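This briefing goes through selected local features of one protein model. Please keep the sequence and the 3D view open while reading.

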Amino acid sequence: MSVIFESSRKGRRSMVHAPMGITLKEAGGRAILSDLPENALRTAPLPLPEVSELEAVRHYTRLSQINYSIDTNFYPLGSCTMKYNPKVCNTLALHPGFLGRHPLSPVDADLGQGVLSCLYDLQRMLKGLIGLPGVSLTPMAGAQGEFAGVAMIRAFHDARDDRNRTEILVPDASHGTNPATATMCGYTVKEIPTLSDGDVDLEALKAAVGPQTAGLMLTNPSTLGVFERSIREMAKVVHDAGGLLYYDGANLNAIAQRVRPGDMGFDCVHLNVHKTFATPHGGGGPGAGPVLVNQRLMPHLPIPTIRRGTDDEGRDIFRLTDASEYPQSMGPLSAFAGNVGVLLRAYVYLRLTGSNGMRRVSEFAVLNANYLMKRLTEAGFTAAFPERRATHEFILTLKNEADSFGVTALDFAKRLLDYGFYAPTIYFPLLVPECLLIEPTETESKEELDRFVAAMIAIRKEAETEPETVRTAPHTTPVGRLDETRAARQPDLVWSADTTRT
(Lines give C-alpha, C1' and ligand atoms only; values in the text may rest on other atoms or scores of the structure.)
Protein backbone atom coordinates (compact mmCIF):
# COMPACT_ATOMS: atom_id res chain seq x y z
CA MET A 1 0.00 0.00 0.00
CA SER A 2 1.55 3.27 -1.11
CA VAL A 3 1.13 6.63 0.57
CA ILE A 4 -1.10 9.05 -1.29
CA PHE A 5 1.84 11.35 -2.08
CA GLU A 6 3.19 8.69 -4.43
CA SER A 7 0.11 9.14 -6.62
CA SER A 8 0.65 12.89 -6.81
CA ARG A 9 1.16 14.51 -10.23
CA LYS A 10 1.85 18.21 -10.61
CA GLY A 11 -1.22 20.13 -11.67
CA ARG A 12 -3.68 17.30 -11.06
CA ARG A 13 -6.63 18.27 -8.89
CA SER A 14 -10.33 17.90 -8.28
CA MET A 15 -13.06 20.52 -7.98
CA VAL A 16 -12.93 22.80 -4.92
CA HIS A 17 -16.32 22.99 -3.22
CA ALA A 18 -16.76 25.91 -0.85
CA PRO A 19 -18.40 24.99 2.47
CA MET A 20 -21.92 26.39 2.83
CA GLY A 21 -21.85 29.98 4.03
CA ILE A 22 -18.16 30.51 3.21
CA THR A 23 -17.29 32.87 0.38
CA LEU A 24 -14.08 32.48 -1.60
CA LYS A 25 -12.28 35.06 -3.68
CA GLU A 26 -9.26 34.99 -5.89
CA ALA A 27 -6.24 37.00 -4.79
CA GLY A 28 -2.93 36.60 -6.55
CA GLY A 29 -4.11 33.32 -8.08
CA ARG A 30 -5.02 31.87 -4.67
CA ALA A 31 -8.39 30.98 -3.21
CA ILE A 32 -8.65 32.52 0.24
CA LEU A 33 -11.26 33.08 2.90
CA SER A 34 -12.49 36.59 2.31
CA ASP A 35 -12.45 37.69 5.93
CA LEU A 36 -8.85 36.69 6.75
CA PRO A 37 -6.32 39.53 7.03
CA GLU A 38 -3.45 39.53 4.55
CA ASN A 39 -0.82 38.83 7.22
CA ALA A 40 -2.62 35.58 8.11
CA LEU A 41 -2.35 34.16 4.60
CA ARG A 42 0.24 31.67 3.41
CA THR A 43 2.86 32.86 0.98
CA ALA A 44 3.32 29.38 -0.49
CA PRO A 45 0.86 26.56 -1.03
CA LEU A 46 0.69 23.66 1.39
CA PRO A 47 2.76 20.64 0.28
CA LEU A 48 -0.34 18.52 -0.30
CA PRO A 49 -0.63 15.65 -2.78
CA GLU A 50 -2.06 16.65 -6.14
CA VAL A 51 -4.56 13.94 -7.02
CA SER A 52 -7.99 13.68 -8.57
CA GLU A 53 -11.09 13.13 -6.50
CA LEU A 54 -11.35 9.56 -7.80
CA GLU A 55 -7.76 8.79 -6.79
CA ALA A 56 -8.36 10.19 -3.31
CA VAL A 57 -11.57 8.18 -2.89
CA ARG A 58 -9.93 4.95 -4.06
CA HIS A 59 -6.87 5.47 -1.88
CA TYR A 60 -8.81 5.93 1.34
CA THR A 61 -11.34 3.23 0.47
CA ARG A 62 -8.47 0.76 0.05
CA LEU A 63 -7.08 1.83 3.41
CA SER A 64 -10.46 1.19 5.05
CA GLN A 65 -10.63 -2.26 3.45
CA ILE A 66 -7.31 -3.38 4.93
CA ASN A 67 -8.06 -1.86 8.33
CA TYR A 68 -9.06 -4.52 10.85
CA SER A 69 -12.41 -3.79 12.52
CA ILE A 70 -15.10 -5.47 14.56
CA ASP A 71 -17.50 -4.94 11.65
CA THR A 72 -15.46 -7.36 9.53
CA ASN A 73 -13.80 -9.93 11.81
CA PHE A 74 -13.78 -11.59 15.23
CA TYR A 75 -11.87 -9.52 17.79
CA PRO A 76 -11.32 -11.66 20.94
CA LEU A 77 -9.06 -9.19 22.75
CA GLY A 78 -9.23 -10.13 26.43
CA SER A 79 -10.26 -7.57 29.09
CA CYS A 80 -11.21 -5.06 26.40
CA THR A 81 -14.74 -6.10 25.31
CA MET A 82 -14.10 -5.51 21.61
CA LYS A 83 -17.67 -6.33 20.62
CA TYR A 84 -20.14 -5.34 17.97
CA ASN A 85 -22.25 -2.37 19.03
CA PRO A 86 -25.74 -1.62 17.69
CA LYS A 87 -25.59 1.11 15.06
CA VAL A 88 -28.82 2.62 16.36
CA CYS A 89 -26.98 3.83 19.48
CA ASN A 90 -24.61 5.83 17.33
CA THR A 91 -27.41 7.06 15.07
CA LEU A 92 -29.47 8.44 17.94
CA ALA A 93 -26.45 10.00 19.65
CA LEU A 94 -25.87 11.90 16.40
CA HIS A 95 -29.39 13.39 16.39
CA PRO A 96 -29.21 17.01 15.17
CA GLY A 97 -30.75 18.20 18.42
CA PHE A 98 -27.78 16.79 20.33
CA LEU A 99 -25.12 17.73 17.80
CA GLY A 100 -26.42 21.26 17.30
CA ARG A 101 -26.57 22.23 20.95
CA HIS A 102 -23.66 24.36 22.15
CA PRO A 103 -22.60 23.45 25.70
CA LEU A 104 -22.77 27.13 26.70
CA SER A 105 -26.39 27.41 25.60
CA PRO A 106 -28.80 28.41 28.38
CA VAL A 107 -30.19 25.60 30.50
CA ASP A 108 -33.77 26.55 31.26
CA ALA A 109 -37.25 25.16 30.74
CA ASP A 110 -37.03 25.66 26.99
CA LEU A 111 -33.37 25.05 26.10
CA GLY A 112 -30.98 22.21 26.84
CA GLN A 113 -33.42 20.12 28.84
CA GLY A 114 -33.48 17.20 26.42
CA VAL A 115 -29.80 16.29 26.69
CA LEU A 116 -29.71 16.93 30.44
CA SER A 117 -32.76 14.73 31.01
CA CYS A 118 -31.03 11.90 29.10
CA LEU A 119 -27.88 12.29 31.19
CA TYR A 120 -29.95 12.39 34.38
CA ASP A 121 -31.67 9.14 33.40
CA LEU A 122 -28.26 7.62 32.61
CA GLN A 123 -27.11 8.55 36.13
CA ARG A 124 -30.20 6.87 37.55
CA MET A 125 -29.73 3.69 35.51
CA LEU A 126 -26.06 3.41 36.47
CA LYS A 127 -26.90 3.81 40.14
CA GLY A 128 -29.30 0.87 39.92
CA LEU A 129 -26.82 -1.22 37.96
CA ILE A 130 -23.93 -0.64 40.38
CA GLY A 131 -25.77 -0.31 43.68
CA LEU A 132 -24.26 3.01 44.79
CA PRO A 133 -26.13 6.31 45.37
CA GLY A 134 -23.69 8.94 44.01
CA VAL A 135 -22.57 9.37 40.40
CA SER A 136 -20.60 11.77 38.24
CA LEU A 137 -20.45 11.35 34.47
CA THR A 138 -17.64 13.82 33.84
CA PRO A 139 -14.48 11.62 33.62
CA MET A 140 -13.47 11.36 29.97
CA ALA A 141 -12.02 7.83 30.00
CA GLY A 142 -11.56 4.79 32.18
CA ALA A 143 -8.12 5.94 33.30
CA GLN A 144 -9.51 9.33 34.34
CA GLY A 145 -12.38 7.65 36.16
CA GLU A 146 -9.84 5.49 37.95
CA PHE A 147 -7.86 8.60 38.91
CA ALA A 148 -11.08 10.20 40.19
CA GLY A 149 -11.82 7.17 42.36
CA VAL A 150 -8.45 7.11 44.10
CA ALA A 151 -8.40 10.91 44.38
CA MET A 152 -11.74 10.75 46.20
CA ILE A 153 -10.36 8.10 48.55
CA ARG A 154 -7.47 10.47 49.23
CA ALA A 155 -9.86 13.39 49.79
CA PHE A 156 -11.91 11.31 52.22
CA HIS A 157 -8.91 10.46 54.39
CA ASP A 158 -7.54 14.00 54.21
CA ALA A 159 -10.90 15.45 55.28
CA ARG A 160 -10.68 13.29 58.41
CA ASP A 161 -7.08 14.40 58.92
CA ASP A 162 -6.09 10.74 58.63
CA ARG A 163 -2.84 11.48 56.82
CA ASN A 164 -0.94 8.40 57.92
CA ARG A 165 -2.73 6.34 55.28
CA THR A 166 -0.03 6.32 52.64
CA GLU A 167 -0.46 2.92 50.98
CA ILE A 168 -2.72 1.46 48.31
CA LEU A 169 -2.97 -2.31 47.94
CA VAL A 170 -3.28 -3.92 44.50
CA PRO A 171 -3.33 -7.60 43.46
CA ASP A 172 -0.29 -8.78 41.50
CA ALA A 173 -2.63 -9.48 38.56
CA SER A 174 -4.07 -5.96 38.47
CA HIS A 175 -4.32 -3.73 35.43
CA GLY A 176 -1.16 -1.68 35.01
CA THR A 177 -3.11 1.54 35.38
CA ASN A 178 -3.97 0.65 39.00
CA PRO A 179 -0.50 1.12 40.52
CA ALA A 180 0.13 4.04 38.16
CA THR A 181 -3.02 5.79 39.37
CA ALA A 182 -2.21 5.17 43.03
CA THR A 183 1.25 6.66 42.51
CA MET A 184 -0.20 9.71 40.73
CA CYS A 185 -2.42 10.29 43.77
CA GLY A 186 0.60 10.28 46.07
CA TYR A 187 0.42 6.76 47.45
CA THR A 188 2.95 3.98 47.63
CA VAL A 189 1.80 0.66 46.20
CA LYS A 190 1.92 -2.76 47.82
CA GLU A 191 1.17 -5.92 45.83
CA ILE A 192 -0.95 -8.74 47.20
CA PRO A 193 -0.14 -12.19 45.74
CA THR A 194 -2.58 -14.43 43.92
CA LEU A 195 -3.12 -18.08 44.83
CA SER A 196 -2.70 -20.89 42.31
CA ASP A 197 -6.49 -21.11 41.89
CA GLY A 198 -6.70 -17.48 40.74
CA ASP A 199 -8.09 -15.92 43.94
CA VAL A 200 -6.32 -13.13 45.82
CA ASP A 201 -4.48 -14.51 48.84
CA LEU A 202 -6.79 -13.51 51.70
CA GLU A 203 -4.24 -14.32 54.40
CA ALA A 204 -1.64 -12.15 52.66
CA LEU A 205 -4.22 -9.34 52.51
CA LYS A 206 -4.89 -9.65 56.23
CA ALA A 207 -1.17 -9.42 56.92
CA ALA A 208 -0.76 -6.38 54.68
CA VAL A 209 -3.50 -4.08 55.98
CA GLY A 210 -2.95 -1.66 58.81
CA PRO A 211 -3.19 2.01 59.82
CA GLN A 212 -1.19 2.86 56.70
CA THR A 213 -3.80 1.33 54.36
CA ALA A 214 -5.77 3.90 52.36
CA GLY A 215 -7.55 1.36 50.19
CA LEU A 216 -7.58 -1.66 47.92
CA MET A 217 -7.94 -1.45 44.13
CA LEU A 218 -9.60 -4.49 42.63
CA THR A 219 -11.18 -5.78 39.43
CA ASN A 220 -13.88 -8.39 39.91
CA PRO A 221 -13.95 -10.57 37.86
CA SER A 222 -10.19 -10.23 37.85
CA THR A 223 -7.86 -10.03 34.91
CA LEU A 224 -7.31 -13.78 35.41
CA GLY A 225 -10.86 -14.36 34.16
CA VAL A 226 -12.24 -15.62 37.47
CA PHE A 227 -14.56 -14.16 40.11
CA GLU A 228 -13.05 -13.36 43.50
CA ARG A 229 -14.92 -15.78 45.74
CA SER A 230 -13.81 -14.14 48.99
CA ILE A 231 -14.80 -10.61 48.01
CA ARG A 232 -17.01 -10.00 51.06
CA GLU A 233 -14.27 -11.15 53.43
CA MET A 234 -11.75 -8.98 51.57
CA ALA A 235 -14.02 -5.96 51.90
CA LYS A 236 -14.41 -6.56 55.62
CA VAL A 237 -10.65 -6.89 56.12
CA VAL A 238 -9.98 -3.56 54.39
CA HIS A 239 -12.88 -1.72 56.02
CA ASP A 240 -11.98 -3.00 59.49
CA ALA A 241 -8.51 -1.52 58.94
CA GLY A 242 -10.05 1.85 58.03
CA GLY A 243 -9.41 1.59 54.30
CA LEU A 244 -11.77 1.87 51.33
CA LEU A 245 -12.37 -0.34 48.28
CA TYR A 246 -12.11 0.89 44.72
CA TYR A 247 -13.64 -1.16 41.87
CA ASP A 248 -12.05 -1.12 38.44
CA GLY A 249 -15.05 -1.55 36.12
CA ALA A 250 -13.12 -3.04 33.20
CA ASN A 251 -14.87 -6.41 33.47
CA LEU A 252 -18.42 -5.31 34.25
CA ASN A 253 -19.61 -7.09 31.11
CA ALA A 254 -19.44 -10.38 33.02
CA ILE A 255 -21.70 -9.45 35.93
CA ALA A 256 -24.12 -6.73 34.79
CA GLN A 257 -27.55 -7.24 36.40
CA ARG A 258 -26.28 -10.40 38.10
CA VAL A 259 -24.31 -8.92 41.01
CA ARG A 260 -23.63 -5.29 41.96
CA PRO A 261 -20.22 -3.95 43.05
CA GLY A 262 -21.95 -1.90 45.75
CA ASP A 263 -23.30 -5.10 47.27
CA MET A 264 -19.81 -6.62 47.24
CA GLY A 265 -18.66 -3.84 49.59
CA PHE A 266 -16.99 -1.42 47.18
CA ASP A 267 -17.00 2.26 48.11
CA CYS A 268 -16.12 3.62 44.68
CA VAL A 269 -16.54 2.31 41.13
CA HIS A 270 -15.50 3.54 37.71
CA LEU A 271 -17.15 2.28 34.53
CA ASN A 272 -15.81 2.09 30.99
CA VAL A 273 -19.09 2.92 29.28
CA HIS A 274 -17.15 3.34 26.04
CA LYS A 275 -16.60 -0.41 25.86
CA THR A 276 -19.39 -1.86 28.00
CA PHE A 277 -22.28 0.22 26.66
CA ALA A 278 -22.10 0.66 22.92
CA THR A 279 -19.24 2.94 21.95
CA PRO A 280 -16.57 1.02 20.01
CA HIS A 281 -13.49 0.51 22.15
CA GLY A 282 -9.95 0.97 20.93
CA GLY A 283 -8.17 3.39 18.66
CA GLY A 284 -7.34 5.82 21.42
CA GLY A 285 -10.85 7.07 22.08
CA PRO A 286 -13.36 8.48 22.53
CA GLY A 287 -14.04 7.34 26.06
CA ALA A 288 -16.10 8.03 29.16
CA GLY A 289 -15.44 6.74 32.67
CA PRO A 290 -18.29 7.68 35.06
CA VAL A 291 -17.62 7.18 38.76
CA LEU A 292 -20.11 5.99 41.37
CA VAL A 293 -19.65 6.26 45.13
CA ASN A 294 -21.33 5.49 48.43
CA GLN A 295 -22.57 8.12 50.89
CA ARG A 296 -19.26 8.84 52.56
CA LEU A 297 -17.52 9.65 49.30
CA MET A 298 -20.37 11.67 47.77
CA PRO A 299 -19.08 15.06 49.02
CA HIS A 300 -15.91 14.54 46.97
CA LEU A 301 -17.54 13.69 43.61
CA PRO A 302 -16.15 15.53 40.58
CA ILE A 303 -18.47 18.26 39.32
CA PRO A 304 -20.78 18.87 37.65
CA THR A 305 -23.45 16.26 38.23
CA ILE A 306 -26.98 16.41 36.82
CA ARG A 307 -29.73 17.32 39.27
CA ARG A 308 -33.52 17.37 38.80
CA GLY A 309 -35.81 19.99 40.30
CA THR A 310 -38.98 21.88 39.42
CA ASP A 311 -39.55 25.36 38.06
CA ASP A 312 -42.14 27.90 39.22
CA GLU A 313 -44.80 26.15 37.18
CA GLY A 314 -44.08 22.75 38.71
CA ARG A 315 -42.37 21.33 35.61
CA ASP A 316 -39.30 19.11 35.87
CA ILE A 317 -36.12 21.02 35.14
CA PHE A 318 -32.62 19.59 34.96
CA ARG A 319 -29.45 21.50 35.73
CA LEU A 320 -25.72 21.11 36.28
CA THR A 321 -24.46 21.34 39.84
CA ASP A 322 -21.49 23.50 40.75
CA ALA A 323 -18.85 23.88 43.48
CA SER A 324 -21.25 25.70 45.82
CA GLU A 325 -23.21 22.45 46.20
CA TYR A 326 -20.10 20.28 46.55
CA PRO A 327 -17.62 22.39 48.54
CA GLN A 328 -15.45 19.31 49.15
CA SER A 329 -15.53 18.19 45.51
CA MET A 330 -12.28 17.12 43.88
CA GLY A 331 -13.30 19.61 41.18
CA PRO A 332 -14.03 19.33 37.46
CA LEU A 333 -12.30 16.70 35.33
CA SER A 334 -13.57 17.81 31.94
CA ALA A 335 -15.32 20.65 30.21
CA PHE A 336 -19.05 20.91 30.85
CA ALA A 337 -20.73 17.51 31.39
CA GLY A 338 -18.03 15.17 30.05
CA ASN A 339 -17.91 13.28 26.77
CA VAL A 340 -21.61 13.62 26.05
CA GLY A 341 -21.61 11.69 22.76
CA VAL A 342 -20.30 8.56 24.45
CA LEU A 343 -22.68 9.00 27.38
CA LEU A 344 -25.64 9.31 25.03
CA ARG A 345 -24.68 6.06 23.31
CA ALA A 346 -24.63 4.37 26.71
CA TYR A 347 -28.01 5.90 27.54
CA VAL A 348 -29.58 4.58 24.33
CA TYR A 349 -28.00 1.14 24.82
CA LEU A 350 -29.33 0.81 28.37
CA ARG A 351 -32.78 2.03 27.36
CA LEU A 352 -32.88 -0.48 24.49
CA THR A 353 -31.71 -3.47 26.51
CA GLY A 354 -33.43 -2.78 29.82
CA SER A 355 -32.55 -4.64 33.00
CA ASN A 356 -33.57 -8.04 31.61
CA GLY A 357 -31.61 -7.41 28.42
CA MET A 358 -28.46 -6.45 30.34
CA ARG A 359 -28.70 -9.67 32.31
CA ARG A 360 -28.91 -11.63 29.05
CA VAL A 361 -25.88 -9.72 27.72
CA SER A 362 -23.77 -10.84 30.69
CA GLU A 363 -25.14 -14.39 30.56
CA PHE A 364 -24.23 -14.79 26.90
CA ALA A 365 -20.79 -13.23 27.46
CA VAL A 366 -20.12 -15.85 30.16
CA LEU A 367 -21.68 -18.67 28.12
CA ASN A 368 -19.54 -17.88 25.06
CA ALA A 369 -16.35 -17.75 27.13
CA ASN A 370 -17.03 -21.05 28.84
CA TYR A 371 -18.00 -22.73 25.56
CA LEU A 372 -14.81 -21.53 23.91
CA MET A 373 -12.64 -22.58 26.86
CA LYS A 374 -14.25 -26.03 26.90
CA ARG A 375 -13.75 -26.56 23.15
CA LEU A 376 -10.12 -25.44 23.24
CA THR A 377 -9.18 -27.55 26.26
CA GLU A 378 -10.83 -30.58 24.62
CA ALA A 379 -8.63 -29.85 21.58
CA GLY A 380 -5.48 -30.14 23.72
CA PHE A 381 -4.86 -26.59 24.87
CA THR A 382 -4.16 -25.88 28.55
CA ALA A 383 -6.40 -23.58 30.61
CA ALA A 384 -4.52 -21.53 33.17
CA PHE A 385 -7.16 -22.25 35.82
CA PRO A 386 -8.80 -25.51 34.71
CA GLU A 387 -10.81 -25.97 37.90
CA ARG A 388 -12.47 -22.56 37.66
CA ARG A 389 -15.43 -21.52 35.58
CA ALA A 390 -14.62 -18.68 33.21
CA THR A 391 -16.34 -15.36 33.56
CA HIS A 392 -16.59 -13.38 30.30
CA GLU A 393 -12.99 -14.23 29.45
CA PHE A 394 -10.44 -16.95 30.17
CA ILE A 395 -6.72 -17.65 29.91
CA LEU A 396 -4.82 -20.32 28.02
CA THR A 397 -1.16 -20.98 28.71
CA LEU A 398 0.87 -22.02 25.67
CA LYS A 399 3.90 -23.01 27.74
CA ASN A 400 3.61 -26.62 26.54
CA GLU A 401 3.61 -25.52 22.91
CA ALA A 402 6.57 -23.22 23.51
CA ASP A 403 8.55 -25.97 25.24
CA SER A 404 7.60 -28.72 22.76
CA PHE A 405 7.65 -26.89 19.43
CA GLY A 406 9.51 -23.63 20.10
CA VAL A 407 6.39 -21.68 19.09
CA THR A 408 5.32 -18.91 21.48
CA ALA A 409 2.08 -17.13 22.31
CA LEU A 410 3.30 -14.24 20.16
CA ASP A 411 3.74 -16.61 17.21
CA PHE A 412 0.22 -18.00 17.67
CA ALA A 413 -1.17 -14.47 17.83
CA LYS A 414 0.57 -13.44 14.61
CA ARG A 415 -0.54 -16.58 12.78
CA LEU A 416 -4.18 -15.99 13.78
CA LEU A 417 -4.09 -12.88 11.59
CA ASP A 418 -3.56 -15.10 8.55
CA TYR A 419 -6.72 -16.99 9.46
CA GLY A 420 -8.79 -13.79 9.61
CA PHE A 421 -8.94 -13.38 13.39
CA TYR A 422 -7.55 -10.62 15.52
CA ALA A 423 -5.13 -11.85 18.15
CA PRO A 424 -6.18 -12.27 21.79
CA THR A 425 -4.28 -10.39 24.47
CA ILE A 426 -0.84 -11.96 24.96
CA TYR A 427 1.52 -11.99 27.95
CA PHE A 428 -1.00 -10.35 30.27
CA PRO A 429 -1.45 -11.04 33.09
CA LEU A 430 2.26 -11.62 33.56
CA LEU A 431 1.59 -14.33 36.15
CA VAL A 432 0.69 -16.83 33.42
CA PRO A 433 3.54 -18.08 31.20
CA GLU A 434 2.90 -17.79 27.44
CA CYS A 435 -0.47 -16.26 28.22
CA LEU A 436 -3.40 -15.91 25.82
CA LEU A 437 -6.29 -13.93 27.38
CA ILE A 438 -9.40 -14.54 25.26
CA GLU A 439 -12.74 -12.69 25.44
CA PRO A 440 -15.32 -13.79 22.86
CA THR A 441 -18.03 -11.30 24.04
CA GLU A 442 -21.76 -11.89 23.90
CA THR A 443 -22.21 -10.82 20.29
CA GLU A 444 -20.40 -13.68 18.51
CA SER A 445 -22.30 -16.69 17.19
CA LYS A 446 -21.51 -20.32 17.91
CA GLU A 447 -20.45 -20.75 14.28
CA GLU A 448 -17.86 -17.97 14.59
CA LEU A 449 -16.53 -19.41 17.84
CA ASP A 450 -16.20 -22.81 16.16
CA ARG A 451 -14.26 -21.22 13.29
CA PHE A 452 -11.87 -19.72 15.86
CA VAL A 453 -11.41 -23.13 17.51
CA ALA A 454 -10.67 -24.69 14.13
CA ALA A 455 -8.05 -22.01 13.42
CA MET A 456 -6.36 -22.58 16.79
CA ILE A 457 -6.28 -26.35 16.17
CA ALA A 458 -4.80 -25.80 12.70
CA ILE A 459 -2.10 -23.48 14.05
CA ARG A 460 -1.21 -25.98 16.77
CA LYS A 461 -0.80 -28.66 14.09
CA GLU A 462 1.41 -26.27 12.09
CA ALA A 463 3.48 -25.59 15.21
CA GLU A 464 4.15 -29.32 15.41
CA THR A 465 4.79 -30.06 11.71
CA GLU A 466 6.02 -26.78 10.18
CA PRO A 467 6.90 -24.44 13.08
CA GLU A 468 8.75 -21.94 10.88
CA THR A 469 5.46 -21.04 9.19
CA VAL A 470 4.07 -20.00 12.55
CA ARG A 471 7.25 -18.30 13.75
CA THR A 472 7.40 -16.05 10.69
CA ALA A 473 3.67 -15.17 10.54
CA PRO A 474 1.75 -13.21 9.44
CA HIS A 475 2.06 -13.92 5.73
CA THR A 476 -1.17 -12.48 4.28
CA THR A 477 -1.35 -9.03 5.89
CA PRO A 478 -0.16 -5.78 4.24
CA VAL A 479 2.72 -5.67 6.74
CA GLY A 480 4.60 -8.80 7.81
CA ARG A 481 6.44 -9.58 11.05
CA LEU A 482 8.12 -6.44 12.32
CA ASP A 483 11.08 -5.88 14.56
CA GLU A 484 8.78 -4.66 17.32
CA THR A 485 11.54 -3.23 19.49
CA ARG A 486 12.90 -1.17 16.62
CA ALA A 487 9.39 -0.12 15.54
CA ALA A 488 8.69 1.18 19.04
CA ARG A 489 12.03 2.91 19.58
CA GLN A 490 12.84 4.11 16.07
CA PRO A 491 9.51 4.69 14.31
CA ASP A 492 9.78 6.12 10.79
CA LEU A 493 6.52 8.00 10.33
CA VAL A 494 7.52 10.79 7.96
CA TRP A 495 7.29 10.61 4.18
CA SER A 496 9.08 12.98 1.84
CA ALA A 497 9.70 13.05 -1.86
CA ASP A 498 13.31 12.06 -1.19
CA THR A 499 12.33 8.95 0.77
CA THR A 500 13.88 5.81 -0.69
CA ARG A 501 11.41 2.92 -0.62
CA THR A 502 12.70 -0.47 0.48
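How many bridges join β14 to strand β15, and in which direction do the two strands run? There are two bridges, and the strands run antiparallel, with β15 covering residues 435-438. The model is a predicted one.

- β14 and β15 belong to an open sheet of four strands, in which the pairing is antiparallel.
- Read across the sheet, the strand order is β12-β13-β15-β14.
- β12 (382-383) and β14 (425-426) form the edges, and each of them pairs on one side only.
- The loop between β14 and β15 contains Y427.
- Y427 is not a glycine, yet its phi is positive, near 60°.
- The relative accessible area of Y427 is 31%, so this residue is partly exposed.

**Helix α13**

- Helix α13 spans residues 409-418, and seven of its ten residues are buried, so the helix is largely enclosed by the rest of the structure.
- The buried set consists of A409, D411, F412, A413, R415, L416 and D418.
- These buried residues pack against both β14 and β15 of the sheet described above.
- Their other packing partners are the helices α12 (399-405), α14 (446-465) and α15.
- After α13 comes G420, which has a positive phi near 90°.

- The side chain of E442 makes a polar contact of 3.0 Å with the side chain of K83.
- A polar contact of 3.0 Å also links the side chains of E442 and N253.
- Leaving out residues up to four places away in sequence, E442 touches K83, N253, Y349, V361, F364, A365 and N368.

**Cavities**

- Searching the whole structure gives two cavities of 30 Å³ or more.
- By class, the lining of the largest cavity comprises six nonpolar residues, seven polar and one charged.
- The second largest cavity holds about 60 Å³ of space.
- Residues lining the second largest cavity include L224, G225, V226 and M373, along with A383, A384 and F385.
- Also in that lining are R388, R389, A390, F394 and I395.
- The second largest cavity is lined by nine nonpolar residues, one polar and two charged.

**Cis peptide bonds**

- N220 and P221 are joined by a cis peptide bond, with omega about 5°.
- P221 lies in the loop between β6 (213-218) and α8 (231-240).
- N220 is 43 residues from T177 in sequence, and their C-alpha atoms are 15 Å apart in space.
- T177 belongs to helix α6, which covers residues 177-184.
- With a relative accessible area of 37%, T177 is partly exposed.
- A cis peptide bond also runs from A473 to P474, where omega is near 5°.
- P474 is found in the loop between α15 (467-471) and α16 (484-489).

- T81 has a positive phi of about 50°, although it is not a glycine.
- The loop that holds T81 lies between α1 (53-66) and α2 (87-93).
- T81 is buried, with a relative accessible area of 2%.

Conventions: Residues numbered from 1 in each chain as written. Predicted model: local features only at pLDDT ≥ 70, side-chain atom pairs only at ≥ 80, totals over all residues. Heavy atoms only, no water. Pairing = 2+ DSSP bridges. 1 Å grid on protein atoms, 1.4 Å probe; cavity = no way out; pocket = protein on both sides within 12 Å on 5 of 7 lines; lining within 4 Å. Points joined across faces, edges and corners; volume = space filled by probe spheres on them. Nonpolar A, V, L, I, M, F, W, Y, C, P; charged D, E, K, R; others polar. Buried < 20%, exposed > 50% of the residue type's maximum accessible area, 1.4 Å probe, protein only. Contact = heavy atoms within 4.5 Å. Polar contact = N/O pair within 3.5 Å; in protein donor to acceptor, adjacent residues only side chain to side chain.
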